[in-house]
Amino acid sequence: MTILDLIRALAEDAPIGIVVTDTMIDAPGPTIHYANPAFARLVGRSLETVIGQSPRFMQGKETREEILDTFKRALASGNRFHGYLTNYRGDGTKYRVEIDCRPLYSVSGEIEGFISFEREVIRRVGRPASGVAGRYEPISASGDALTSALRTLSVFEEMIVERR
Ligand SMILES: Cc1cc2nc3c(=O)[nH]c(=O)nc-3n(C[C@H](O)[C@H](O)[C@H](O)COP(=O)(O)O)c2cc1C
């Protein structure tokens, strides 16, 4: 069983988007090797069109460069990226996405790929709670709906990199 087979078994029915890429950080990489059905729904595209692409296809006018730079630095240094981006669906509609992206290390300590957990969020109405995480709430797939496997990984918890 490969690492992708294992991820597929865990991710296929998960209520949040899960996407796995190779390690090629510079364009035209990274290349998507696996995405679950929830990811296809989130980005408004079929799985067939998503596999083999770089996740950059979701970016557009309001996708902030500074956040992408932070994202790239995290990938290059083998760190986790947890932050928020504006992305665009296949039909051009934009959405705000919470991204929790981590390197996948082999037993020998080398990065073999990246896995990202993604869900749509909206700005909270009213006075925001402190910190960037307090400004957004998920539109579906709340913490309660996360599978216990994902909860064990503390997906979407803490260490937000965006400061604004
Ligand atoms: C697993 C994974 C998932 C990603 N998902 C997204 C995404 O949903 N939206 C996005 O705008 N960028 C996403 N990215 C980031 C881009 O692929 C790219 O790394 C980013 O644009 C920074 O690189 P660049 O400055 O060369 O464009 C993802 C990257 C990885 C490794």
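Me: Where does the ligand sit?

Reply: Rolling a probe the size of a water molecule over the atoms shows where empty space is left. Here a pocket is an open set of points on a 1 Å grid over the protein atoms alone, where a 1.4 Å probe fits, with protein on both sides within 12 Å along at least five of seven lines. A molecule sits in a pocket if more than half of its atoms lie within 2 Å of its grid points. In this structure the space taken by the ligand is the largest pocket. This is a predicted model, in which local features need pLDDT of at least 70 and side-chain atom pairs count only at pLDDT 80 or more, while totals for chains, interfaces and linings use all residues. Residues are numbered from 1 along each chain as its sequence is written, and side-chain values use heavy atoms, with hydrogens and water left out.

Me: What polar side-chain atoms lie by ligand oxygen atoms, and at what distances?

Reply: A polar contact is a pair of N or O atoms within 3.5 Å. From a polar side-chain atom to an oxygen atom of the ligand, the distance is 2.7 Å for R56, 2.9 Å for Q59 and 2.6 Å for K72. The protein covers 95% of the 610 Å² of accessible area that the ligand has on its own (Shrake-Rupley method, 1.4 Å probe).

Me: How much space lies in the largest pocket?

Reply: A volume is the space filled by probe spheres set on the grid points, which are joined across faces, edges and corners. The largest pocket holds about 420 Å³. Its lining has 22 residues (an atom within 4 Å of a point), and R56, Q59, L68, F71 and L75 are the closest to its centre.

Me: What lines the second largest pocket?

Reply: The second largest pocket holds about 270 Å³ of space. Of its 15 lining residues, I7, L10, I115, F117 and L153 lie nearest its centre. Helix α1 gives the most to this lining, with five residues.

Terms used: A polar contact is a pair of N or O atoms within 3.5 Å; within protein, one must be able to donate a hydrogen and the other to accept it, and residues adjacent in sequence count only if both atoms are side-chain atoms. Helices (H or I, at least four residues) and strands (E, at least two) are DSSP runs, numbered from the N terminus.
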